[in-house]
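Here is a short note for a colleague opening this structure for the first time. Please read the points with the model in view.

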Amino acid sequence: MMWSATSRKVQGPADCGGWLVDVCDALTDHASEFIEQLHDKIIDLEDNLLDQQIPPRGFLALLRKQLIVMRRYMAPQRDVYAAWRAKGCPGWTDDHRRRMQDIADRLGRGLDEIDACIARTGIMADEIAQVMQESLARRTYTMSLMAMVFLPSTFLTGLSALTSAVSPAVVGSSGFSLFCILLVVLIGGVTLWLHRSKWL
């Protein structure tokens, strides 16, 4: 089946002004899609933090770096678009100016979104540091309680080893068993006291 040249429909800008506006529009669409992807990553990180899940090391720093680099290049680009909209270019029509104003506005909204995302990454960094600090504090607290529970028994066993007063060869197996039972009772008493004091 043959097609004639007159039956083909050519799609694209009709002049240089339209071509420039189309290029700016495509660049802005690409930037908006990338910003949306970064925004979705931030939302996922925030949801994970609510579940006490820490992101991999360096992931948040890389995300923040991408946002800062995007803002560094998009801010001058927005200013250029705004200047083109105000001054125009040779051969531009009112439609070209209107479209360029819309593109500049979209880029400005993208910059506002980047600023918000940068602020949110800072808040998440503080939250991650707080979660890790609380986790370390809980572990230190647990180890301190364990040391407190076994401290009296450690003292008694050390004292008995020093004096050999409770050695099975000296007092017999019954005395040694009684000493072990005393240690278990002592550990249980300390644990009960910590529980009543609401330390456990």
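1. W84 counts as partly exposed, because its relative accessibility is 28%. This comes from a predicted model. Y81 is buried, because its relative accessibility is 3%, and the cut-off for buried is under 20%.

2. A search of the whole structure finds one aromatic pair. Its members are Y81 and W84. An α-helix has 3.6 residues a turn, so residues three or four places apart point the same way.

3. Y81 also matters for reading the largest nonpolar core, which has 27 residues. L67, M74, Y81 and I114 touch the most other members of this core. Helices α1, α2 and α3 (94–163) each supply at least two of its residues. Helix α3 gives the most, with 10 residues. In soluble globular proteins, nonpolar side chains tend to be buried together.

4. Which residues does I114 touch, not counting those up to four places away in sequence? They are I35, L67, M70, R71 and M74.

5. Turn next to charge. The structure holds nine salt bridges. One of them joins D29 and R106, at 2.1 Å from N to O. R106 is buried, because its relative accessible area is 18%. D29 is partly exposed, because its relative accessibility is 35%.

6. R120 and E46 form another salt bridge, with the closest N and O atoms 2.8 Å apart. Again the pair links distant parts of the chain, R120 in helix α3 and E46 in helix α1, 74 residues apart. R120 is partly exposed at 22% relative accessibility. E46 is partly exposed too, with a relative accessible area of 25%.

7. R78 forms a salt bridge with D79, the closest N and O atoms being 3.8 Å apart. R78 is partly exposed at 29%, and D79 is partly exposed at 46%. Elsewhere, salt bridges that share partners join D22, D25, D29, R99, D102 and R106 into one network.

8. Last, helix α1 (residues 16–50). Its 35 residues should span 51 Å at 1.5 Å a residue. The end C-alpha atoms are 52 Å apart, which agrees. After α1 comes Q52, whose phi is positive, near 65 degrees.

Terms used
Residues are numbered from 1 along each chain as its sequence is written. This is a predicted model: local features need pLDDT of at least 70, side-chain atom pairs count only at pLDDT 80 or more; totals for chains, interfaces and linings use all residues. Side-chain values use heavy atoms; hydrogens and water are left out. Helices (H or I, at least four residues) and strands (E, at least two) are DSSP runs, numbered from the N terminus. The expected span of a helix is 1.5 Å times one less than its number of residues. Rings of Phe, Tyr and Trp (its six-membered ring) pair if their centres lie within 6.5 Å; planes under 30 degrees apart count as stacked, over 60 as edge-to-face and the rest as tilted. Buried means under 20% relative accessible area, exposed over 50%, partly exposed in between (1.4 Å probe, protein chains only). A nonpolar core is a set of buried Ala, Val, Leu, Ile, Met, Phe, Trp, Tyr and Cys residues joined through side-chain atoms within 4.5 Å. Contact means heavy atoms within 4.5 Å. A salt bridge is a side-chain nitrogen of Lys or Arg within 4 Å of a carboxyl oxygen of Asp or Glu.
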